[in-house]
Amino acid sequence: MMLEHIARLEALARQLEPEPEQRLNWGRSVWTYATDFLDKLENGKAYEGSPAQAGQWLEPSETPRPVSEILDFLSSEVDGQGINPASGYHLGYVPGGGVFPAALADFMAAVSNRYAGIFFANPGAVRIENQMLRWLCNLVGYPENALGNLSSGGSVANLTAVTAARDHLGIRSKDVERCVIYTTSQVHHCVHKAIRIAGLAEATLRFISMDAAFRMDANALGIQVATDQAAGLKPFLVVASAGTTDTGAIDPLDAIADIAGEFDMWFHVDAAYGGAFLLVNELQCAFKGIERADSIVIDPHKGFFLPYGLGALLVRDVQTLYQSQYYQANYMQDALQANDEWSPADLSPELTKHFRGLRMWLSLQLLGLQPFRAALEEKIALCQYFYGRIQELGFEVGPYPDLSIMIYRYIPPGADANAFNGELIKWIQRDGRVFISSTSIDGQFWLRLAVVNFRTHLRQIDTCLLVLNEGVQHLLKQTL
Ligand SMILES: *Cc1c(COP(=O)(O)O)cnc(C)c1O
């Protein structure tokens, strides 16, 4: 009875392991779908408005569906709608694009399902992840005892950094009201979120004034910190940005490091977007002082052009991260034996995790560093090119870009600029050839250009200029 029961179940359960022929069949279909998708990018749209109603939704059923039906569904309901972050015409939010070797690496990581959380479970996988982290640490100029963690993205990495800062300075809940955190109003919103999640919502958050290019005024920071300390408060954390989301501004890191050092504060640099530009030699001096930060966030899924799902937290003294994130569990006692390499599980909130480092490693191995460096330099040059050309089209611009993000807007004669640019962005979205985003700074509506996709070249920027000009001419005719 029992054996028959098991045999019956086994026959069904074995369907989870497809026969080689089935594997090939699915694999070919998916491969064809993926390559078609890639081949269409150059002449496709960056944005496709969604239909008011979703199509026929595929509910999971007891029996399998054919792969063609499933891919048709994905094509119309997912890949045919919304923003296309793989497109070089996506110039809105920070898009990396997703270099192809990363997809192969994710496939391999999923096939072998290696456990990359603990050194004991797979020394090689953990070594690959730590090697990527050490490579990033080297890039920022960190010492030997620095390390960190490959996270799902910048938000989680920033949260982990804020938590490490809190624990390193021994801040308990009753201390929080006295604590002061310093940043600028241009800091990414995930830092606000991190402060709240880390239990620091009751700390005072001070927005330090900025120069005309939206960089923190280090003098103002120094004065504010001294004032707060004299008033009996506890200056505790300063969060600088190296590449802000609105304009790509880099705060004066070296001067901020001086102040953080003088007042024993934790110095964190959010370089989620900007960090990759350290590969560009000419930019090294703009990042001067980053190596003095206690912690740094860099998102490989932005400037290293990897697909979404890879951020990195770097901590100058890995012990401080360990003290904040270690764990003990009886059932994990075997894993504690081997410890000649740090385990990601000891340096992050995660235990079981995707072997996400493989996509970075394989991409750097298969492509080499040279094209990454060139692509980053190209993005900067394209942004500077746009900065000049857009003014020739009659637009007003924000500060000259530090990196590859800038703001601009059209001032229509005799009409409200905010409303006009709001209409312009709607027109561009309906058009869909390119995708740009917008932001508000001090009540002014600005259009925003973010050149971060590795598929963005001169052709894409020229198309963007053309579309913007068409949009303006169209709206001007309407208002007159
Ligand atoms: C993108 C970004 C973040 C958030 O990172 P996610 O990977 O989107 O979670 C934080 N800070 C800056 C400066 C960013 O550009």
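## The ligand and its surroundings

Among the 14 residues around the ligand, Gly154, Ser155, Asp270, Asp299 and Lys302 come nearest; a residue belongs to this group if one of its heavy atoms lies within 4 Å of the ligand. The model is a predicted one, in which local features need pLDDT of at least 70 and side-chain atom pairs count only at pLDDT 80 or more, while totals for chains, interfaces and linings use all residues. Residues are numbered from 1 along each chain as its sequence is written, and side-chain values use heavy atoms, with hydrogens and water left out.

A polar backbone atom of Gly154 is 2.7 Å from an oxygen atom of the ligand. In Ser155, an N or O atom of the side chain is 2.6 Å from a ligand oxygen atom. Asp270 places a polar side-chain atom 2.5 Å from a nitrogen atom of the ligand. The ligand taken alone exposes 380 Å², of which the protein buries 84%; such accessible areas come from the Shrake-Rupley method with a 1.4 Å probe.

Helix H6 (residues 154-168) gives the most to the shell around the ligand, with three residues. Helices are DSSP runs of H or I with at least four residues, strands are runs of E with at least two, and both are numbered from the N terminus. By class, the shell has three nonpolar, eight polar and three charged residues. In this scheme Ala, Val, Leu, Ile, Met, Phe, Trp, Tyr, Cys and Pro count as nonpolar, Asp, Glu, Lys and Arg as charged, and the others, Gly among them, as polar.

## The largest pocket

The largest pocket has a volume of about 1500 Å³. A pocket is an open set of points, on a 1 Å grid over the protein atoms alone, with protein on both sides within 12 Å along at least five of seven lines; a cavity is a set of points where a 1.4 Å probe fits but cannot get out; lining residues have an atom within 4 Å of a point. Grid points are joined across faces, edges and corners, and a volume is the space filled by probe spheres set on the points.

The lining of the largest pocket consists of 45 residues, and Tyr33, Ala34, Phe37, Leu38 and Asp79 lie nearest the centre. Helix H2 (20-40), strand E1 (47-48), helix H3 (67-79), strand E2 (82-83) and helix H4 (100-112) each give two or more residues to this lining. H2 gives the most, with 12 residues. The lining divides into 26 nonpolar, 11 polar and eight charged residues.

## The cavity

The structure holds one cavity of 30 Å³ or more. The largest cavity has a volume of about 30 Å³, and its lining is formed by Ala213, Thr247, Ala249, Pro399, Tyr400, Pro401 and Asp402. Five of these residues are nonpolar, one is polar and one is charged.

## Two residues with positive phi

Asn113 is not a glycine, yet its phi is positive, at about 50°. Asn113 is placed in the loop between H4 and helix H5 (123-140). Asn113 is exposed, with a relative accessible area of 63%; exposed means over 50%, buried under 20%, and partly exposed in between, with a 1.4 Å probe and protein chains only.

Asp264, also a residue other than glycine, has a positive phi near 55°. The loop between helix H9 (253-262) and strand E7 (266-270) contains Asp264, which counts as exposed at 58% relative accessibility.

Key:
A polar contact is a pair of N or O atoms within 3.5 Å; within protein, one must be able to donate a hydrogen and the other to accept it, and residues adjacent in sequence count only if both atoms are side-chain atoms.
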